[in-house]
Amino acid sequence: MAGSGRNALLEVTDLVQSFSQPRGILDRLAGRPVKTVHAVNGVSFDILRGEVFSLVGESGCGKSTTARTVVRLLEPKAGRIVFDGEDITAYSPSRMMPVRKKMQMIFQDPYASLNPRQRIKDIIMEPMLFHRTVSGKEEAESRMLSLLDIVGFRPEQADRYPHQFSGGQRQRIGIARALATNPSFIVADEPVSALDVSIQAQVLNLMMDLRDEFGLSYLFIAHDLSVVRHVTERLGIMYLGFIVEKGDRDSIFGRPLHPYTEALLAAAPTLDREKAAAPLQGDVPSPITLPPGCPFAGRCPRKMEVCDARRPSLLPVEGRMVACHLYGEE
Amino acid sequence: MLKYLLKRLVQMIVVLFTVSVIVFLVMSFTGDPVLMIVPPTATDAQIAEARTALGLDRPLWVQYGVFLQNLIRGDLGVSYIFKRPALTLIVERMPATLELVFFSVLLSLAVALPCGVYAGARPNSPFSRAVMGGSLLGISLPSFWVGILLIFYFAVEKGLLPSSGRGATAPLFGIPFAFLTWDGFRHIVLPAVTLALGTLAMLIRLIRAQIMEVMRQDFIRFARAKGVSWRSLFFSHALKNALVPVVTVFGMQIGSLIAFATVTETIFAWPGMGKLLVDSINTADRPVIVAYLMIVAAMFVLINFIVDIVYTLIDPRIDLR
Amino acid sequence: MSAKKEGFFKSEFFHNFVRSPGALAGLFIVTFFLVLVTAGPLFTPQNPYDIGSLDLMDAFKPPVWMEGGDPAFVLGTDDQGRDLLSAMVYGSRISLFIGLSVVVLSCVLGTFLGLVAGYFGGRLDSLLMRVVDIQLSFPAMLVALFIMAAFGRGLGKLVTALTIVGWVLYARTVRGSVLVEKKKEYVDAARLIGLSPFPIILRHVLPNILTPLIVIATIHVGTVILTEATLSYLGVGVPVTRPSLGLLVKNGYDVLFSGLWWSSVFPGMFIMLLVFGINLLGDFLRDEFNPRLK
Amino acid sequence: MSEYLLEVRNLQTRFELFRGTVKAVDGVDFTLREGEILGLVGESGGGKSVTGFSLLGLIDPPGRIAAGEVIFRGENLLEKSEEEMRRIRGKEISMIFQDPMTSLNPLHSIGRQIGEMLALHTPLSPADRRKRSIELLREVGIPNPEDRLENYPHQFSGGMRQRVVIAIALAANPKLIIADEPTTALDVTVQAQILALMENLVKRFGSALILITHDLAVVSEMTHRVAVMYCGRVVEEGPTRELVRHPFHPYTKGLLESIPRLSGERSRRLPQIPGMVPSLFDLPPGCSFAPRCGYATDLCRKEAPSMRSVAPGRTVSCHNPVQGGEEAEGHGR
């Protein structure tokens, strides 16, 4: 399996994340169980230095939750997160501090991800000044200006407020902020899904240029398969909090094995095809009560008896990992 | 549904319990009731004796236990002034207050609904602007002052309507009500108008805001795209959606009316429980104050409960399970 | 959006303000009262609470335009020969003082609790919200009345009582806004930098919830002045020695039937005017900051 | 009178705002035949949604339709009274909105909302309406429609709600359906379901469809013809296959190239359109696309081009159309 060993920048093992819904007095008196949303159910992956790894899936599949847990915006319920050789799973906020410099995030919504009351320059300088990665205000200022230049702004634009910029421009400001402390790892949570098509290409190109220039690694979260195919080296397909298929880009896009991956690819509209294949039926089930067997069994066109009974584990098949009984130990 | 009712019942009891603790504590730490009931000439020994007789020498939590026990039995103490059970005093005066509140509610609804709905439907018409200006003035008016002006004009200057008291009453289900006699009805007009004014103005603004909010929702546009006429769009689609939140506020407004009845009753010498409260405050008649608070708290809790039930009946999104 | 030069006088807010008769009238009224209470005592013919300056000979004088009016007492005098206009200037002072101090205190307290509860959530939040819910299910006037009845009259007590009933408003609104803001990604970005909760709350969340706060606080000043007036009218508000406008109305009512109608009508008119002016401003601000209702 | 079901000529819709007048739709022309599926595609601010609402006369102040003709079955809709339009909306032309979560009335049952459409535009009796509602729900693929008639919108998932919306839109058998980003709020697999359903039903009901979307891929899979919009104008129009393969307008070409592909060669960098969509408050003089266009000349910066025919069935609004409809780069098959 690629990525194990010293070269991995990030190793995530059996990550679990869940949220319990609050209970009323009577529920507690009646001893009713807490309703729990099982958002992430034992997800493992690793990201090499300089690599782009993507998590793909539909809304509610747990891809964003995984990302937010990896950067410790959420406390993991179980599992292990090893970043740059350090096990940061249970780091306290103060111990996380030096790690925070090295891992940053680009967000989905360019309108909500910048504080409307901060000037652009303050947005970008805040992380540097907080982490003292610069000697003082002056150096922060010059670094801020060079970052703005990198993402395509003129110096006089630094004094403006976010609302004076368009969505694509804001996203570039968000990227500059993420770069402020010279990180080695960036989580990009649907960075282009809120942008217009012509702007998407600009932002994707910028992200890829920055990777080459600064040797960044990305965890790329997206629902758009064609975008993922363009940026990523390896990817994992998520469904209901599980990774159902994981491997390198060419093998998965070339020949998807898991029925869900197959369906997802077939459903994605493209310019190159006349008609979509028969669409997948039904909706994603509730993450409150997980099915005992395969999470995809309810919608799977190739469902077998065993699928309802036993949850398939992620096993190596044809140079990638697949969690499906079709490819079980035959 | 049953579970929901049970849950609400538990909540109601918790709220009333909390209120009783707060009322008890505040009352225990302020003033000395013993000084109210012993004659001014009483000696220290007499005072101590009275204190023991009232149980005030015992620890606070024991006193509270006794208080709670009496409360549950419906014994809220005896008025220092009237020398009669506080509960009886309040219950006697309750019909007068409820009658007043009822007419104010009726009046505010009768005016606020059409005005608010119209102002929401045609926000730019001159009439709507006038209504909005008037309602802003309405929420800026001190109600006691309005009462005084009304008395001065209608009672003192013109002599058209009586300025105080409840007038003659007639019984309904054995309870005396003023509005059943012409004289009593004449007495109720001015206080009801005074009391209704603030609520009326507030409701107008709320209804208008709600309607304007709903009218810009997507589903209204979708209904328009279906070819629904403006009339049906407004009455069948917008109005109900707009009025659902108003129900909650309206419930709270009834509570507020009961509270403000204290002021109105004082101005118009309306013999209700609100005037009794203000009189009791001025004479430090503590059992009556406590009894009033507990009864009014129970009324509010009950109103809130009814509002919630109504809410669930008109809004299918509320899940009772 | 285009990055045009933006100054306050070119802003849409200013543009709308000078074109809104209501807002301008509100500003005029409020300014009038602010000038009146700061500079007014310099011009009033007497200090109405300096007993020495009162002369019973001046009692029962009607306003100047009525028969028997005295130019020295423009709005007439009361039964003790006190100049009504002077009393109203001093009364406005007390009313405004109470209004503003209650609003500042409840705003600070409620905002702080709302911020903390909204940002951290959990037990503290549910406890706080239960308190707020219970208190909001009782009319503010009644709760204040109860507190004043228990503790007795007094300026400080009145401010305390009105703050106790007032903070919940801010706590609830702020908490609601914080819950909305907290979900926005700029807060995540601040957390990712490594900022601890309080800097995030103060530097990032608070500046973004100020607009609803300003609206509530403005309208709240009017509400407090009305509630204060009502309590004082009922005799449980300000002490007799520091009569606010509400107490003046009550004093005037006591002599209404002896024909001194002006001594309750004019102070009441002052209350109405002041509160109306504040509400006009508040109404404009609400429409401006909440474009959905325009 | 004409071969077209719908002819839009020089449609202009404006919004008078504090910061100035926005020409959201600025002289739009296109035509539609019976049963045809037309894609109206463009980025945000292109004016495609406003065009859709303008066709039905659903523009509220501060917006207004300033000029133009919307000829539907030989009659100009812009000259009709509100009362006449009301009879056309839903019956002749119906609409599907973007967000299925907000386009249904939360306090009315599904049955009532479908029934309302039937009551407005068909002579059916209440009992028949109920029967027809059930049929419609079955058509759009809602399981157990008899039981679900009494349900409220919040009891359905997003995809299911959009199915209900489609059922309502189809209820009166309209000649034309305008679908404004009908699948943007939905997940990929659900989007595929809804698109397939719409395509299928439109064919069966014999309606024409205007599909408004930002997604060229969806357009290329669904539509017969496409009109590409930029800054309130149609810049290019033509049969979908041809237009996607050989765009004439530099904007269309740029847009097509900037979309990453699911198969074929994968270039290191995506071709991108430089700059950004100009603010509608101050559009550049001449062609709105000129500042971002690699083919722009002085003429483009001075004078706005007008629509002209460049090949059979193909029109473009450009002074220097891409020569011979160059093959879009990176477009492997």
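Trainee: How many salt bridges are there over all chains?
Mentor: This is a predicted model. A search of the whole structure finds 52 salt bridges.

Trainee: Which residue does R255(A) pair with?
Mentor: R255(A) forms a salt bridge with E318(A), and their closest N and O atoms are 3.0 Å apart. R255(A) sits in the loop between α9 (249–254) and α10 (259–267) of chain A, while E318(A) sits in the loop between β11 (315–317) and β12 (320–322), so the pair ties together parts 63 residues apart in sequence.

Trainee: Is R255(A) buried, exposed or partly exposed? And what about E318(A)?
Mentor: R255(A) is partly exposed, at 46% relative accessible area. E318(A) also counts as partly exposed, with 47%.

Trainee: Why is R225(D) called buried?
Mentor: Because its relative accessible area is 10%, and buried means under 20%. E36(D) is buried too, at 8%.

Trainee: And where do E150(D) and R130(D) lie?
Mentor: E150(D) is in the loop between α5 (145–148) and α6 (158–170) of chain D, and R130(D) is in helix α4 (residues 126–139), so this pair ties together parts 20 residues apart in sequence. Their side chains meet in a salt bridge at 3.5 Å, N to O. R130(D) is partly exposed, with a relative accessible area of 41%.

Trainee: Which residues are linked with D46(A) in a network?
Mentor: E51(A) and R234(A) are linked with D46(A) in a network of salt bridges.

Trainee: New topic: how many salt bridges cross the interface of chain C and chain A?
Mentor: The rule finds two. R68(A) and D188(C) meet in a salt bridge through their side chains, at 2.6 Å from N to O.

Trainee: Which element gives the largest share of the side of chain C that touches chain A?
Mentor: That is α7(C), with seven residues. The residues on this side of chain C divide into eight nonpolar, four polar and eight charged.

Trainee: How much area do chain C and chain A bury between them?
Mentor: They bury about 2200 Å², 53% of it on carbon and sulfur atoms. The contact takes 20 residues from chain C and 29 from chain A.

How values were computed
Residues numbered from 1 in each chain as written. Chains lettered and ligands numbered in written order. Predicted model: local features only at pLDDT ≥ 70, side-chain atom pairs only at ≥ 80, totals over all residues. Heavy atoms only, no water. Contact = heavy atoms within 4.5 Å. Buried area = accessible area lost by both parts, 1.4 Å probe. Salt bridge = Lys/Arg side-chain N within 4 Å of Asp/Glu carboxyl O. Helix = DSSP H or I, 4+ residues; strand = E, 2+ residues; numbered from the N terminus. Nonpolar A, V, L, I, M, F, W, Y, C, P; charged D, E, K, R; others polar. Buried < 20%, exposed > 50% of the residue type's maximum accessible area, 1.4 Å probe, protein only.
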